[in-house]
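I opened the model to look up a few things about its strands and helices. My entries follow, in the order I made them.

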Amino acid sequence: MATYYHRAVQDIKDNGFLSAVTIITIALSILIVSAFALFFTNANNVMNYWGKGVKIMAYLKPEISQKNLPDIKRKIQGIYGIQDVNFISKEEAFKRLKEQMKRQSSILMNLNENPLPDAFEISIIESSQHGEKIEEIATKIESLPSIEDVEYGQKWLERFTNIFDLFRLAGYAMGGIFFMAAVFIVASTIRLVIYTRREEIEIMRLVGASEKFIRGPFYIESIIQGTLGGIIGIAVLFITFKLIASNVDSFKHGLFNICFLSPEFYFGIILGSMFVGWLGCYISLKQFLKA
Amino acid sequence: MIEGKDKSSIIQMFHVHKYYGSKKALVDISLNISKNDFLFISGPSGAGKSTLLKLIYLGEPVSEGQVLVDGMNLSRISRKRIPLLRRKFGIIFQDYKLISTKTVFDNVALVLEASGKKRKFIEKKVRSVLRTVGIEQRINALPPSLSGGEQQRVAVARAVVGVPKIILADEPTGSLDSDSADIILNLLKGFHTQGGTVIVATHDKELIRKAGGRILYLKQGRLLGPTPI
């Protein structure tokens, strides 16, 4: 193994330019793929954070009397996923509206009667604070006979989720394309190295070298290139991230809780990068180094 | 009839034919080479001497017939066992076949690395062999910077370093002056004295006369048996 490693390192030095091109290509591919991963991770975190603030407003039918309120509240609390239920009378709602519309409050003064309905403000437990679950809870609440309508800001959440899904899809496609490009580049490099060393390989075979002895260093070389490409890609992303994070105010003031990829994630990416190196080499050796 | 049949055979050929397309390179060759033989395969250029050696180390497959080397039937040998077969040989090629980008040391060490020997052992053994062939002072030189005689000595060093059972030499003195040819011949004789089998393909009558081994004569791909020089 030490001999293979020694020969692989020597080959990288001997074919410096080709190796550098391979490492840079892998690094660029990893940079782009992990930049997407970083975006998705943080976008997901932001959505979860926003999702935590989502509350369902359940508006009561006008004919519902006060004495029915404890019963309705109990029914709502009986639905799985509900954390808290607060009654907001139409008077209270009107007062809040006036406070929110300080400058335009004169418009409200001209109203003959309070147009707002009585409502329940419903908060949701943390594990249920995501799109589908919120929608399920809202549907259950809406199906209660005393409830006229429910609102939970679903439209903007849905729109954002749709855009996010579109980006995720684009990310997968880009990841796939860059993965294939990196494999192709590694395979081409190994092919060129095999071509330049075909005489040496022939001599090795003639002196009794096994296929393992001939192929081993190529695999080690590719895995080294994959690892270096992966580390450089992640390092460039990390430096860029730090530079942006230290210059953008909303990051500094904690408006968004933006964080870098987890160690498990970037170790995974480096492992993936090693796999790219190995696969490129495997394809090339299979095609061009027939015994 | 099998030429020189013996109980201690190391190489046997049975009705071997080799064709390149419609061209017959070797026709119905049957021979037996014993352990510790010093055998010359002689004949004019194009007689099939190099082809015969290639069939022995499986540089080429036979078209018909069978070749046995140290108990291995080359017609049935699996691809995985070819390196094991080749480690039985030390091959000296007509064009030396040295790796031009590797030093003299690395060229010779390759054989031991390929058979999985340890670095320390390789270091010691290669130096010792290079000393024996008288080229230790050029240990770090690249082959293109060496003279023909020096390159041939490196080739001999590479052939003997793995302590093979058989040395196959294809025109080992072809392009050398008589002093260099003598050095190579002495190295081959030394290997033979230590119990090795040597097979030399050559049309160099002077070399055959000096060595005094068994001679087989090939003409137009046919084995004509021993012939006086």
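I began with β1 and β4 in chain B. Strand β4 (residues 64–69) of chain B runs antiparallel to β1(B), and 5 bridges join the two. I count two strands as paired if DSSP finds at least two bridges between them. Helices (H or I, at least four residues) and strands (E, at least two) are DSSP runs, numbered from the N terminus. Met13(B) has Val67(B) in β4(B) as its bridge partner.

I noted the provenance next. This is a predicted model, in which local features need pLDDT of at least 70 and side-chain atom pairs count only at pLDDT 80 or more, while totals for chains, interfaces and linings use all residues. Residues are numbered from 1 along each chain as its sequence is written, and chains are lettered from A and ligands numbered from 1 in the order in which they are written.

I then checked the other partner of β1(B). Strand β1 (residues 9–20) of chain B pairs with β2(B) over 8 bridges, in the antiparallel sense. Here Lys18(B) sits opposite Leu26(B) of β2(B).

I moved on to β5(B). It pairs with β4(B) over 2 bridges, again antiparallel. Leu68(B) stands opposite Asn73(B) in β5(B). The two strands, β4(B) and β5(B), form a hairpin with 2 residues between them. In that turn, Asp70(B) has a positive phi of about 45°.

I put the sheet together. Its 4 strands lie in the order β2-β1-β4-β5 (chain B), and the sheet is open, with antiparallel pairing. Which strands stand at the edges? They are β2 (23–34) and β5 (72–73) of chain B; each has a single partner strand, so one side of each lacks a neighbour in the sheet.

I looked up chain B as a whole. It has 7 helices and 10 strands. Of its 229 residues, 43% count as buried; that takes 20 or more other C-beta atoms within 10 Å of a residue's own, with C-beta atoms placed from the backbone.

I turned to chain A. It has 11 helices and 4 strands. Buried residues make up 25% of its 291 residues.

I checked one helix there, α11 (residues 263–288) of chain A. Its 26 residues should span 38 Å at 1.5 Å a residue, the expected span being 1.5 Å times one less than the number of residues. The end C-alpha atoms are 37 Å apart, which agrees. The buried residues of α11(A) include Tyr266(A), Ile269(A), Gly277(A), Cys281(A) and Leu285(A).

Terms used. Buried ≥ 20, exposed ≤ 12 C-beta atoms within 10 Å, placed from the backbone.
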